[in-house]
Amino acid sequence: MCGIVGYIGFRSVSDLLLEGLHRLEYRGYDSAGIAVLADESIVVRKRAGRVSELAALVQTQPVEGTIGIGHTRWATHGGTTDENSHPHVGGNGEVVIVHNGVIENYDSLREQLTALGYVFHSQTDTEVVAHLLAHSYIEQLKLVENSDTHAAALKAVEATLTRLKGTYGICALFRDATDTIIAARSGSPLVIGVGRDEYFVASDASPLVGYTQEVVYLADSEIAVLRRDNMSITHRTSGSVQPSIQTLEQVSSDIELGDFPHYMLKEIYEQPKTIENALRGRLDDEEGTAVIGGLNLTPQQLRSIDRVVLTACGTSWHAGLVGEYLLEEFARLPTEVEYASELRYRNPPITERTLVFAITQSGETADTLAAMRECRRKGHPTLAICNVVGSTIAREADGGIYLHAGPEIGVASTKAFTSQVTVLTLLALYLGRMRHLSYPAGKRICRELRQMPEKIEEALKCHDSVKEIAEKYAGFDNYLYLGRLYNFPVALEGALKLKEISYIHAEGYPAAEMKHGPIALVDERTPSVFVVPRCGIQPKVISNMEEVKARKGPVIAIACEGDREVERIADDVIYVPEVAEYLQPLVCAIPLQLLSYHVALLRGCNVDRPRNLAKSVTVE
Ligand code: M6R
C-alpha cells in the first residue's frame, strides 16, 4: 500500500526520492509526490498516476535541495486525483507531510479545523493531520523558549498525535525547522536508514538498499527526529529510546530485475533457490527430523501442545491450509486455519496448549498483525512464519521461522507461497517427530525434502507448454480450479493468481464439491484446471474430470509425466515431476503461477502491479 521515503543529508534529494518511490512501486499505488525543503520554503510536486509521470513533471519543474519526503498513494479517502496525492501542506505552508494508514476520526477533526478557518484542498484524511500540525506548531511556537522552531515542531507532532485515532506512519518537514525530518508511527511501518551525515526513512527497506546497511525499525508510539548528523528517538509515553541499529541483509541484486521482464517471472524462477534457502540448516538427516531454532519454546512446552491455529490472509492463508493437512498427518495435531480478518474479531477457544502461528510474507498485513496481537493480548504465545526480517510481525511475535526467500516484489505472491509450504512441512516434521512420527518416516521425509529444489527445477521445464496453453485459453472469462486433499489449497491458490493479475473470474474448489453447485457453471466457455498428479485419490478426481468433459467443459490438467488416463480425458496436460503426495503443492503451484502469468500478459495486464492491489495490505 502507500509508500513513504524521506531523506536528509548531502545528496540531491529529488533524484533520491524518485528512485526510492520507484522501488516502492511494488507496494501498489495510484499517485505519487515529493516535497523538498529548498531555500527555506517547501516545494511540492505531485500527481495522480505513475512515478514515471511524476519524474517527468520534476524534470520540467526541477526542485533542488537535500532534505525531502516522498510518497506513493493507494487511495483510501478520496479519488485518485492530483489534489489527493501526497505530500499535503498544512496551514499556510508551515508544514508538509506524507502519511500511510487511516485516520478514523478525520471527519470530526476536519469540522473543527474548518471552523478555525483552515481550508481543505483534498478529500484525504491526511490533510487533516497536516492542518492540525500547522495549528499546533503555531501554538507551540508561542510557548517554547526563544521561539525555538525545532522544539516547537517536535511538540507540535507530539500534541497532534494525541488527537489522532487510527493508524499512521508519518513524515513531516517544517518550513522553519530547516534541517529536520520528523517521523512517527502507530500501526504503519517505518524504517530509518543510518548513513554518515545522512539519514533515510522509508516504509520498507527497499529505498535504502545500496545506500546504507544500518537500519533502525521504528516501533509503534515512537517519534524519530532526524538531523544530518544525529538522530533521536522518543517513545510517546516512556521517553527517550536508545535506537537499536540492525544490519540490513538485502543487496541491490535482490531488488533488480536482471534479465527477467517482470518480477513475478523472476520470482517464479527463484523457487529452486528459495526452497533450498528455506531448508538450509534445518534438516537433521541422522535423526530424521527438522532443526527449528527460534520458536523460543522448550521441547516440553512443544510436546504439551494439543492444537495449532494458523492465521493469515490471501496466499499465506492457502499455505496455511496445506500446513493444516501436514500438521494433522505428521504430528496428529488438530489444526485450524483462520482468516486473520475474522480471527481478530472472533473469540475462539484458545488455551495455553494451543500454538498460534501468523503466516505472512510481508510481516505487515494489518489483519494478520491484529489477529496476532489479539492472541498475544490474551496471553498465548504467538509465533510467526514470516519473510521480511525486521517487519512488525517478525518483531512482535514471541518467536518464529523466517522464510529466507529474499524480497518478493511482484504483487502476486509466488516464491513466498512455496517457501511457506516448505517451512510448514519442516514444522510438521519437527512436531511430528516429537510425537507419533516414526524414525524411518522422518528419514524419508528429510530425503524427499532435500530433493525439492531439483524437483522444482524440473517443474519449471513446463514453461513452454504452459505458454502455448495460455494462448489457447487467454480469451476465456471464467475458470474453475479443482483439486483434492493436498491439491485443494493449490487449486485455491491457482484461482487467486489468475484473478489478481488477469482480472478473470476464477473459482477454486475441492474437486468433489463441484457437484454441489459449481458444476452448474460448466460449459464450453468455462475451462476447468484440474490439479491431478498421481495420488491415492486420483481415480476420484479423474471421475470429476469426466463429469466436466461430459458437459463440454474444456479441461486443463496438471499431471505427472506419462499419465495416460489423464491424457485421455484432458484437452491439455501440463506435466510436473512425481513427488510424494504431501509435496505435490510445491511442484503443482509452479505451472499455475506460470499459467496466470502468461494469461495476464496475453490480456495486456500489468503482472507486477495489478489494478487495485497492494503488495502489503496495511489497512484493515
Ligand atoms: O504479506 P502477507 O503474506 O501477509 O500477505 C497476505 C496477502 O495479502 C497476500 O498473500 C495476497 O493475497 C497476495 N497478493 C496474493 O498473491
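Student: Which residues are linked in a network of salt bridges?

Tutor: Side chains of opposite charge can pair when their charged atoms come close. A salt bridge is counted when a side-chain nitrogen of Lys or Arg is within 4 Å of a carboxyl oxygen of Asp or Glu. Here Arg185, Asp220, Arg373 and Glu396 form such a network. The model is predicted, with local features needing pLDDT of at least 70 and side-chain atom pairs pLDDT 80 or more, while totals for chains, interfaces and linings use all residues. Residues are numbered from 1 along each chain as its sequence is written, and side-chain values use heavy atoms, leaving out hydrogens and water.

Student: How far apart are the closest N and O atoms of Asp220 and Arg185?

Tutor: They are 2.7 Å apart.

Student: Is Arg185 buried or exposed?

Tutor: Buried means under 20% relative accessible area, exposed over 50%, and partly exposed in between (1.4 Å probe, protein chains only). Arg185, at 1%, is buried.

Student: What joins Asp179 and Arg227?

Tutor: Their side chains meet in a salt bridge of 3.9 Å, N to O. Asp179 is in the loop between E7 and strand E8 (181–186) and Arg227 in the loop between strand E12 (222–226) and strand E13 (231–235), so the pair ties together parts 48 residues apart in sequence. Asp179 is partly exposed at 27%, as is Arg227 at 24%.

Student: How many salt bridges are found in the whole structure?

Tutor: The search finds 33. One of them joins Arg346 to Glu338, with the closest N and O atoms 2.6 Å apart. Arg346 is partly exposed at 35%, whereas Glu338 is buried at 8%.

Student: What should helix H4 span?

Tutor: The expected span of a helix is 1.5 Å times one less than its number of residues. The 18 residues of H4 (126–143) should therefore span 26 Å, and the end C-alpha atoms are 26 Å apart, which agrees. The buried residues of H4, among them His131 and Tyr137, pack against elements including helix H3 (106–115) and helix H5 (149–162).

Student: Where is Glu83, and which residues does Glu83 touch?

Tutor: Glu83 sits in the loop between strand E4 (67–73) and E5. Contact means heavy atoms within 4.5 Å. Not counting residues up to four places away in sequence, Glu83 touches Lys46, His88, His121 and Ser122. Glu83 is partly exposed, at 45%.

Terms used
Helix = DSSP H or I, 4+ residues; strand = E, 2+ residues; numbered from the N terminus.
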